[in-house]
Amino acid sequence: MRSLIYIERLFNRFGDFLGWLSSILFILLLANVVYDVVMRYVFNDVSIAFQEMEWHLFSAVFLLGVPYAIKAGGHVRVDLFYERLSNKAQAIIDVLGTLFFLLPFCLLVAYYGIDFAKESYALGETSGDPGGLPYRWIIKAMIPLSFLFMALSGIGLLLHSINKIVNPHLIYQQEQK
């Protein structure tokens with residue numbers, strides 16, 4: 001069973017990396033917004049590319065932050081009921097929710113999102129605004145990629161839940177560290 005915990009830790013490290021990357025992108029987003037505001041109100045200069053970069057960065061922060069939220073247990077549940085359940089019952093709910101809702105949805109969006117990004121790439125899609133960003137396919141490719149990452153975080157959650165069911169004392173010691 002220790003090998004299952006080791007595999008879970010690998011998935012968790014990947015989730016932690018995505019959380020770190022999302023936080024770095026958030027700092028870049030903050031710098032971009034400050035630059036845009038200063039340029040607009042102090043120098044009366046507007047850059048469409050910087051404005052578009054704001055929503056590109058925001059999208060990346062959100063799309064890469066959700067897999068971390070799944071890993072960290074910050075995803076949506078009905079906590080009013082969930083928190084009152086035993087650890088084993090919580091783990092069973094997480095297993096069922098991951099298998100029947102999270103993984104199928106993530107894999108479905110990732111599968112169909114690939115064609116969405118490929119079509120954008122094939123068309124050479126760029127911003128519709130003059131001075132906007134080229135290569136619109138990059139941000140569109142973030143959608144299937146992030147849903148694949150959400151599925152990987154879901155597998156980590158699944159492994160964690162199975163570990164809680166199979167060997168609750170070992171998991172309890174691990175969570176106390």
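**Exercise 1. How many salt bridges does the count give, and what can be said of the pair Asp36 and Arg40?**

Solution. The structure is a predicted model.
- Step 1. The count comes to four salt bridges, a bridge requiring a side-chain nitrogen of Lys or Arg within 4 Å of a carboxyl oxygen of Asp or Glu.
- Step 2. One of them joins the side chains of Asp36 and Arg40, with an N to O distance of 3.5 Å.
- Step 3. Both residues belong to helix α1 and are four residues apart, about one turn of the helix.
- Step 4. Asp36 counts as buried because its relative accessibility is 4%, and the limit for burial is under 20%. Arg40, at 28%, counts as partly exposed.

**Exercise 2. Which parts of the chain does the salt bridge of Arg136 with Glu52 tie together?**

Solution. 
- Step 1. The closest N and O atoms of Arg136 and Glu52 are 3.9 Å apart.
- Step 2. Arg136 is in helix α5 and Glu52 in helix α2, so the bridge ties together parts that are 84 residues apart in sequence.
- Step 3. Arg136 and Glu52 are both buried.

**Exercise 3. Where do Lys140 and Glu125 lie, and is Lys140 buried or exposed?**

Solution. 
- Step 1. Lys140 and Glu125 form a salt bridge, in which the closest N and O atoms are 2.8 Å apart.
- Step 2. Lys140 lies in helix α5, whereas Glu125 is in the loop between α4 (87-123) and α5; the pair therefore links parts 15 residues apart in sequence.
- Step 3. With a relative accessible area of 16%, Lys140 is buried. Glu125, with 24%, is partly exposed.

**Exercise 4. Which element gives the most residues to the largest nonpolar core?**

Solution. 
- Step 1. The largest nonpolar core has 11 residues, including Leu18, Leu57, Leu64, Ile139 and Phe149.
- Step 2. Two or more residues come from each of α1, α2 (48-72) and α5 (136-166).
- Step 3. The most come from α2, which gives five residues.
- Step 4. Leaving aside neighbours within four places in sequence, Leu18 is in contact with Leu64, Pro67 and Phe149.
- Step 5. Another core, of eight residues, lies apart from the largest one; among its members are Ala110, Phe147, Ala151 and Leu157.

**Exercise 5. Which residues make the nonpolar surface patch of about 750 Å²?**

Solution. 
- Step 1. The patch is made by Leu30, Val33, Val34, Val37, Val38, Tyr41, Val42 and Phe43.
- Step 2. Val34 is placed in helix α1 (residues 2-41).
- Step 3. Val34 counts as partly exposed because its relative accessibility is 45%.

Key
Residues numbered from 1 in each chain as written. Predicted model: local features only at pLDDT ≥ 70, side-chain atom pairs only at ≥ 80, totals over all residues. Heavy atoms only, no water. Patch = residues over 30% accessible without salt bridge, like charges linked within 9 Å, V, L, I, M, F, W, Y side chains within 5 Å. Areas by Shrake-Rupley, 256 points an atom, 1.4 Å probe, with all protein chains shown as cover. Buried < 20%, exposed > 50% of the residue type's maximum accessible area, 1.4 Å probe, protein only. Core = buried A, V, L, I, M, F, W, Y, C linked by side-chain atoms within 4.5 Å. Contact = heavy atoms within 4.5 Å.
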